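Here is a brief report on a protein model and its ligand. It covers a ligand shell, a helix and a loop residue.

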Amino acid sequence: MPKMFDQWRARSPHYSDSHEAWAMAVRRFVEKEVTPNIDRWEREGQLPRELHRKAAAVGILGLGFPEQYGGTSEGIDQFHGLVSGAELANVGAGGLLAGLMVHGVALPPILAMGSSAMKERVATGVLSGEKIMALAVTEPSGGSDVAALRTRAEKRGDRYVVNGSKTFITSGMRADYYVVAVRTGEAGPRGISLMLLEKGMQGFSQTSLEKMGWHCSDTATLYFEDVEVPVENLIGPEGGAFRGLMANFNGDRLGIASASAAFSMVCLEEALDWARERETFGRKLNQNQAIRHKFAEMSRQIFATQAWVDRACDAVMRGIDDAGEIALLKIQGTRTLEYCAREAAQILGGASYMRGGKIERIYREVRANAIAGGSEEIMLDLAARQLGYT
Ligand SMILES: Cc1cc2nc3c(=O)[nH]c(=O)nc-3n(C[C@H](O)[C@H](O)[C@H](O)COP(=O)(O)OP(=O)(O)OC[C@H]3O[C@@H](n4cnc5c(N)ncnc54)[C@H](O)[C@@H]3O)c2cc1C
C-alpha cells in the first residue's frame, strides 16, 4: 500500500513535477544526513553547525530567498517551502525544523527593512550555513502581548544601550546573529524597534533551557546588561518592529500548520505499520474495528487540514492576506496533530511511552507547535476580531 506521505501531493492540484523533484531532493538529504544522527542530536540537545552548511549546499536554507545573497528564487514558489518543511518533518523530530530553519522567521525582517550592508553580511552568512540566526521577541514577563515588551534600548550618541531579557529563544545558544525586539519609544506597538545583536557583544549573555520536546533545537534565555549596539544595527526605522514582524506571521503560521499535517501523517503511518504487525487475541491489531476507525478518523482530519493548507498557501501566493483564516488554520493543524499523536500513542500501547520512537517524540512536541508562533487562545481571538465577530 502506498503511504499517505507519498500520495498527498499527487492528489492536490497545487503540486507539479518541480515540487515532487524538490521533495525527493530534501528526502535524500534527510535520509543521508539526518536520519542516522537524529537520536544522537536529540540527546546532545543541539544540531551541529555542519548540518547548516550541508543543508545550504543542497539549497534547503536558501530556498525562496534572493539569489544575490545565495538563495534560490527562480522557479520557486511557496509550495516548495511547504514541501521542504514536510520532508524535514518526516524524520519525526520537530526540533530539526525549529533549529535548522529559524532563519525563515529571523531573516525576513532584515531583508524587508535592513540596510544593504546588513543584508549582504547577515543574509549571505546565514544562507551559506556559516552563521546561525535567532529571532528574540518573547520576554520572561510574557510573549503573547508583544506590544507590552520591556527590553529597552536607549539612544546615546552613535549607540543604543540595551537592557532587559528574552526567553524561550530558538537557537538562542548557537546563534551568531539575533534579531531582537526592543522598546525605543512610547508604550505600545509604535514604541518597538528591531535591532541586530551579535554574539560576543559586551554585556550580552545566554543560558540554556531544558524542554519537554524539540530536544535537538537549543533554546535559551538571553540577558542584556548595558549592551552597546551601533546605530547601524537598527533594522528599519525606530518604531518599525511591527511592520517587520507582521511580514513573518502568516508564513510562519502556515508553515506550522503544514508541518503539523506532516507530523500527523508520520503518526498515522508509524501506527499503521505497528497495527499491521502486532497481534492481540489471535489477530492483527488493525483487524479490530475500534482500531481501524482510529485510522479513518486520523485520515479524515489530516485530509481536511492538508486541503486547507494548500488552499491557504495558494491564496497567499495570489496576494490574499487573510491573517484571521491563517490563525484558524494554525489551530486546525495543531489540533489535528494533537489528535493523531494521541491516537497513534494509544495504538502503540506501552511502546509509545518508551524513549526513542517517533510517536513518543512527536507526542511530547505537540504543545510546542500549539504555543509557539501564536498560541491557540491568541489565534482564536485574532480570527474572531478579523472575521468581525466582535
Ligand atoms: C519551544 C518553543 C520555542 C520558542 N521559540 C521562540 C523564539 O524563537 N522566539 C521568540 O521570541 N519566542 C519563542 N517562543 C515563545 C512563544 O512565542 C511564546 O511562548 C508564546 O508567544 C506565548 O507566550 P508566553 O509563553 O509568554 O505565554 P503568555 O503570553 O504568558 O500566555 C500564557 C497563556 O495564556 C494565554 N493567554 C494570554 N493572553 C490571553 C488572553 N488575553 N486571553 C486568553 N488567553 C490568553 C496564552 O494563549 C497562553 O496559553 C518559543 C516557545 C516555545 C514553547
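A polar contact is a pair of N or O atoms within 3.5 Å; within protein, one atom must be able to donate a hydrogen and the other to accept it. The model is a predicted one.

**A loop aspartate**

By that criterion, the side chains of aspartate 218 and arginine 174 are joined by a polar contact of 2.8 Å. Aspartate 218 sits in the loop between strand E6 (204-208) and strand E7 (219-230). Is aspartate 218 buried or exposed? The cut-off for buried is under 20% relative accessible area. Aspartate 218 has a relative accessible area of 4%, so it is buried. Neighbours within four places in sequence aside, aspartate 218 is in contact with Gly45, Gln46, Ile169, Thr170, Ser171, Gly172, Met173, Arg174 and Lys211.

**The ligand shell**

Around the ligand there are 17 residues. Those that come nearest are Thr138, Gly143, Ser144, Ser375 and Glu377.

| Residue | Protein atom | Ligand atom | Distance |
|---|---|---|---|
| Leucine 135 | backbone N or O | nitrogen | 2.8 Å |
| Threonine 170 | side-chain N or O | nitrogen | 2.9 Å |
| Serine 375 | polar side-chain atom | oxygen | 2.4 Å |

Taken alone, the ligand exposes 970 Å², and the protein buries 62% of that. Which elements give two or more residues to the shell around the ligand? They are strand E1 (133-136), strand E3 (159-170) and helix H13 (376-386). E3 gives the most, with 3 residues. By class, the shell has 9 nonpolar, 7 polar and 1 charged residues.

Threonine 170 belongs to both parts of this picture. Its side chain has an N or O atom 2.9 Å from a nitrogen atom of the ligand. Thr170 is also among the residues in contact with aspartate 218.

**Helix H4**

Helix H4 spans residues 49-58. Its buried residues are Leu51, His52, Ala55 and Ala56. Why do they lie on the same side of H4? They cover an arc of only 140 degrees around the axis, which puts them there. The cover over these buried residues includes four helices: H2 (17-34), H3 (38-44), H6 (94-101) and H8 (116-127). After H4 comes glycine 59. The phi of glycine 59 is positive, near 105 degrees.

Note on methods. Residues are numbered from 1 along each chain as its sequence is written. This is a predicted model: local features need pLDDT of at least 70, side-chain atom pairs count only at pLDDT 80 or more; totals for chains, interfaces and linings use all residues. Side-chain values use heavy atoms; hydrogens and water are left out. Buried means under 20% relative accessible area, exposed over 50%, partly exposed in between (1.4 Å probe, protein chains only). The arc is that of the directions from the helix axis to the C-beta atoms. Contact means heavy atoms within 4.5 Å. A residue is near a molecule or strand if one of its heavy atoms lies within 4 Å of it. Accessible areas come from the Shrake-Rupley method with a 1.4 Å probe; for residues, only the protein chains shown count as cover. Ala, Val, Leu, Ile, Met, Phe, Trp, Tyr, Cys and Pro count as nonpolar, Asp, Glu, Lys and Arg as charged, and the others, Gly among them, as polar.
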